[in-house]
Amino acid sequence: MNTITAAITAVGAYVPEFVLSNQVLETMVDTNDEWITTRTGIKERRLLKEKGKGTSYMAIKAAQDLIAKAKINPEDIDLVIMATATPDMPVASTGVYVASQIGAVNAFAFDLQAACSSFLYGMSNAAAYIQSGRYKKVLLIGADKMSSIIDYTDRATCIIFGDGAGAVLFEPNYEGLGLQDEYLRSDGIGREYLKIDAGGSILPPSAETVANGQHFVFQDGKTVFKYAVSGMADVSEKIMERNNLTKDDVNWLVAHQANRRIIDATASRMGLDESKVLINIQKYGNTTSATLPLLLSDFENQLKKGDNLIFAAFGGGFTWGSIYLKWAY
Ligand code: UT7
């Protein structure tokens with residue numbers, strides 16, 4: 001019997017219509033388009049503005065886009081993994097609701113939270129379920145409504161983040177395509193530098209925590225930047241080394257879109273030409289769990305069967321890692 005590998009066989013995406021440009025941010029906080037563009041590469045981001053709609057709304061849209069494009073029957077999906085740092089609610093799994101809403105009535109579902117690395121860790125999970133031989137269709141969704149946890153008076157964070165969703169389908173492959181290797185890392189030292197203080201079990205929400213703005217994201221950008229640059233470059237170099245990949249063997253770098261300078265530093269350490277680096281940060285900003293599938297969706301028609309893709313991400317916690325995957329279609 002041939003070895004089972006786990007391949008991505010379909011992609012879907014959704015971003016909200018509302019665009020928040022750098023020019024509009026200039027009227028909200030003390031910032032300017034030139035600073036944001038040169039320091040981050042971001043020009044605009046999408047926000048889900050409609051009241052009462054959460055992360056699940058975008059996740060369902062992305063999943064439905066995939067289902068329609070791939071012409072699959074949602075009843076055939078075995079598992080839905082919902083990668084998100086902004087679930088609809090703290091309790092009651094968002095993934096379970098999404099699975100029911102898209103008609104994946106035979107699937108089980110759960111949420112996976114690893115901050116900006118949620119989707120990358122989700123790829124590892126989805127692939128392991130497929131490689132076990134027990135599951136044939138695993139739907140991995142990455143979605144975040146970052147606007148629900150961002151303080152739009154804090155220029156250190158509000159310029160960076162956006163909302164969005166993307167989805168991929170993992171299926172067994174018998175030609176050796178799909179996920180080849182992974183190198184996932186984490187380090188609790190990061191807890192102080194990128195966090196939301198209140199709303200969890202240490203500091204439950206109260207009128208006081210809300211008054212203090214402790215339900216919003218806090219980021220020590222400089223420190224996170226330093227760790228992100230070395231972390232993402234290290235794991236990407238390591239995964240190339242241990243799979244004997246030269247810069248010519250790598251077709252695409254699919255990196256978390258947090259800051260253009262972090263992506264460029266990673267590409268440079270890998271020796272990659274700019275033309276191999278997928279970039280859409282200018283359109284969406286940092287959508288946390290959605291950046292990687294949104295890249296796949298935007299660049300899907302440039303990817304060819306057998307292409308070598310290196311995925312890389314870095315996020316709060318800290319969490320980070322790299323995945324080597326051969327494109328299957
Ligand atoms: O995805 C999860 C992981 N997150 C990340 O990877 C994000 C990592 N961090 C970053 O991307 C960057 O640190 C930021 C984009 C957040 C900030 O860029 P930076 O180059 O690290 O800026 P900085 O914090 O060192 O600030 C430089 C200067 C400061 O002024 P002084 O002290 O030099 O006078 C800031 O006060 O820029 C000022 N500044 C701003 N100016 C205009 C900070 N934020 C802004 C702003 N607009 N929005």
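Biologist: A salt bridge here is a side-chain nitrogen of Lys or Arg within 4 Å of a carboxyl oxygen of Asp or Glu. How many salt bridges are counted between domain 1 and domain 2?

Modeller: This is a predicted model. The domain assignment gives domain 1 as 5–176 and domain 2 as 180–326. Between domain 1 and domain 2 the count of salt bridges is two.

Biologist: Which residue forms a salt bridge with Glu-175?

Modeller: The cut-off is 4 Å between the nitrogen and the carboxyl oxygen. For Glu-175 the closest N and O atoms are 3.4 Å apart. The partner of Glu-175 is Lys-305.

Biologist: What area do domain 1 and domain 2 bury between them?

Modeller: The size of an interface is often given as the accessible area lost when the parts come together. The domain centres, over C-alpha atoms, are separated by 14 Å. In contact are 50 residues of domain 1 and 45 residues of domain 2. Carbon and sulfur atoms carry 63% of the buried area, which is about 3500 Å².

Biologist: In domain 1, which residues lose the most area to domain 2?

Modeller: Together they account for 18% of what the domain 1 side buries. They are Cys-116, Leu-120 and Tyr-121.

Biologist: Why do the buried residues of α2 line one face of the helix?

Modeller: Helix α2 spans residues 33–40, and Asp-33, Ile-36 and Thr-40 are buried there. Seen down the axis of α2, the buried residues line one face because they fall within an arc of 80 degrees.

Biologist: What covers the buried residues of α2?

Modeller: The cover includes elements from separate stretches of numbering: 22–26, 44–47, 260–270 and 281–284. In that order, these are α1, β3, α9 and α10.

Biologist: Which residue follows α2?

Modeller: Its phi is positive, near 90 degrees. The residue is Gly-41.

Biologist: Is Ile-130 buried or exposed?

Modeller: Ile-130 sits in helix α5, residues 118–131. Beyond its neighbours within four places in sequence, Ile-130 has contacts including Ile-4, Tyr-135, Val-138 and Phe-170. The relative accessible area of Ile-130 is 0%, so Ile-130 is buried.

Biologist: What distance separates the C-alpha atoms of Ile-130 and Pro-172?

Modeller: Along the chain, Ile-130 and Pro-172 are 42 residues apart. Pro-172 is among the contacts of Ile-130. Their C-alpha atoms are separated by 6.0 Å.

Biologist: How far apart are the end C-alpha atoms of residues 240–327?

Modeller: An unreviewed UniProt entry annotates 240–327 as "domain: Beta-ketoacyl-[acyl-carrier-protein] synthase III C-terminal". The span is 31% helix and 23% strand. Its end C-alpha atoms lie apart by 16 Å.

Key: Residues numbered from 1 in each chain as written. Predicted model: local features only at pLDDT ≥ 70, side-chain atom pairs only at ≥ 80, totals over all residues. Heavy atoms only, no water. Buried < 20%, exposed > 50% of the residue type's maximum accessible area, 1.4 Å probe, protein only. Helix = DSSP H or I, 4+ residues; strand = E, 2+ residues; numbered from the N terminus. Arc of directions from axis to C-beta. Contact = heavy atoms within 4.5 Å. Domains from an automatic or database assignment. Buried area = accessible area lost by both parts, 1.4 Å probe. UniProt positions renumbered as here; feature names shortened; annotations may be inferred.
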